[in-house]
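Q: Hey, I'm new to this one. Can you walk me through it bit by bit?

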Amino acid sequence: MMMRAGAGAGAGAGARASPRGLVRTVGASASPLAMPTYDGYDGPVKDKNEPIRVKIGDEWYDCRGWAKAHPGGERWLYFFDGRDATDVFYALHSYGPNGSDLAVKRLSKLPRCDPPVDKSKLPNERSYAVSMAFSELRDKLAEDGFFKREPLKEAWALFQVVALYASGTFLAYSHPIIATILLGLGMEQAGWLGHDYVHGRGPWCDLMRYMPTLLNGHSVEWWMQKHSMHHSFTNEEHLDNDVMMEPFFFLRSPTESGRPDHPMRKFQHIYGYPLLSIMFWLWRFHSFQTAWARKDKKELVLLGANYVFLATMMPWQVAVGAITLSGFLVGALVSATHQSEEIMEFGESPEYVEGQFRSTRDAECVAGPLETWIWGGMDTQLEHHLFPTMPRYNYHKLRPLLKVWAKANGITYRSSPSTTIISDNFNMLKRVAKAA
């Protein structure tokens, strides 16, 4: 059962119900202040001699021996046990055309196994046909160079971030308000660029991987785990932390979800957007918390350098203002392209490509190049979710091709003006706030 966020309880009539009041913690927390647990797997444990069967391409692989060594954590392999993981594998991993072939080399060394006896988790005929067509599209895009990084465009993107940081720092004491805006925009753009680096594959992205840690105080390892869950299970409750933000944000009423209510829900449309300004503060908190717990010396040093920079190179009011502004901009934009779309109950497990089309909406910028720049590539959110390792400057070129592909394959491509998306998101928060 898939539901549009904030739909009435009647929307799920006749569908499989989830246990009332149940809060799972397999990946996403029901509270954004609680640190999600991403490192282990707390689901049913299989017999140690039973394979973890994952299908990629035409082969079934036994991932049992690789589970604990998997860089993304063992939980992914359990979640995809008995399923076809072809599209999510090629979306998130290095497979050659996207700059590195490390993941496919590792994959080739895994033992093969027989298919599972239970075929219930495999895609139906329609979903399989969509996946095959999508594989052809991915191969054509790779052949046409969509995954190649262009040095001049990479340099220009980095220059903009450095220029904003440098000018904001230079003006921090003489013109603090202007400096706050410049640094806030710099942190926002560093977030978008770091997002591109962490998703990307190849020598350049590897070199720049920890840029967001140094400039924004965000742990790459923590963020990668959190964000990869979001990509793999977009809008699936208890797996995607981006749609599990109760009690601060309810995307479905407690009557519909079966989870506990909270008095704040009635006011979420009032405080909702202002509250998004704490996003980067929350990320900083989780970043330090997880880096300290892992005793990650590299990240702790880079995080420390960021705080020394903030403490010594500007008034504290400028630092606080810049972090707050950048967090608000990022939070307001990224939440709107998912939160108002369909929310899936835990265990729905749609096939990857179809799930992205159903849970993600593109934004059509209405205020010109400046607005497009502020969105930082997230106006092409659907293109990014389908091809996250692709350089973001190729997404607008991809958009018309993806629309044609979607129409040819009978898939709804969701796109709306940016003002409509923001308005719809506010109205969803208000609708859920007013629900019984």
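Predicted model: local features only at pLDDT ≥ 70, side-chain atom pairs only at ≥ 80, totals over all residues.

Q: Okay, rings then. How many aromatic pairs are there?

A: The count comes to 16 aromatic pairs. One of them is Phe89 with Tyr90, which is edge-to-face, with 5.2 Å centre to centre and 85° between the planes.

Q: Is Phe89 buried or exposed?

A: Phe89 counts as buried, at 8% relative accessibility. Tyr90 is at 22%, so that residue counts as partly exposed.

Q: And how are the rings of Phe147 and Phe387 arranged?

A: Their centres are 6.1 Å apart and their planes are at 70°, so the Phe147 and Phe387 pair is edge-to-face. Phe147 lies in the loop between α4 (125–143) and α5 (151–170), while Phe387 is in the loop between α17 (381–386) and α18 (395–408), so the pair ties together parts that are 240 residues apart in sequence.

Q: Are those two buried or exposed?

A: Phe147 is buried, with a relative accessible area of 4%. Phe387 counts as buried too, at 2% relative accessibility.

Q: Which residues make up the aromatic cluster?

A: Phe89, Tyr90, Tyr95, Phe134, Phe147, Phe357, Phe387 and Trp405 form one cluster.

Q: Is Cys113 buried or exposed?

A: Cys113 is buried, with a relative accessible area of 18%. Cys365 is at 24% relative accessibility, and counts as partly exposed. The cut-off for buried is under 20%, so Cys113 falls inside it.

Q: What about Arg399, where does that sit?

A: Arg399 lies in helix α18. Arg399 is buried, with a relative accessible area of 12%.

Q: What does the Arg399 side chain join up with in a polar contact?

A: A polar contact of 3.2 Å joins the side chain of Arg399 to that of Asp362. Leaving aside neighbours within four places in sequence, Arg399 is in contact with Asp362, Ala363, Glu364, Asp379, Thr380, Glu383 and Tyr413.

Q: Now the strands. What order do they take in the open sheet of three?

A: The order is β3-β2-β4, with mixed pairing. β3 and β4 (83–84) stand at the edges with a single partner strand each, so one side of each is left without a neighbour in the sheet.

Q: How do β2 and β3 pair?

A: β2 (residues 53–56) and β3 pair in the antiparallel sense, over four bridges. Ile56, for instance, has Glu59 in β3 as its bridge partner.

Q: Last one: where does Gly73 lie?

A: Gly73 is in the loop between β3 (59–62) and α1 (75–79). Gly73 is buried, with a relative accessible area of 12%.

Q: And how far is Gly73 from Gln225, in sequence and in space?

A: They are 152 residues apart in sequence, and 8.1 Å apart in space, C-alpha to C-alpha.

Terms used
Residues numbered from 1 in each chain as written. Heavy atoms only, no water. Buried < 20%, exposed > 50% of the residue type's maximum accessible area, 1.4 Å probe, protein only. Phe/Tyr/Trp six-rings, centres within 6.5 Å; stacked < 30°, edge-to-face > 60°. Helix = DSSP H or I, 4+ residues; strand = E, 2+ residues; numbered from the N terminus. Polar contact = N/O pair within 3.5 Å; in protein donor to acceptor, adjacent residues only side chain to side chain. Contact = heavy atoms within 4.5 Å. Pairing = 2+ DSSP bridges.
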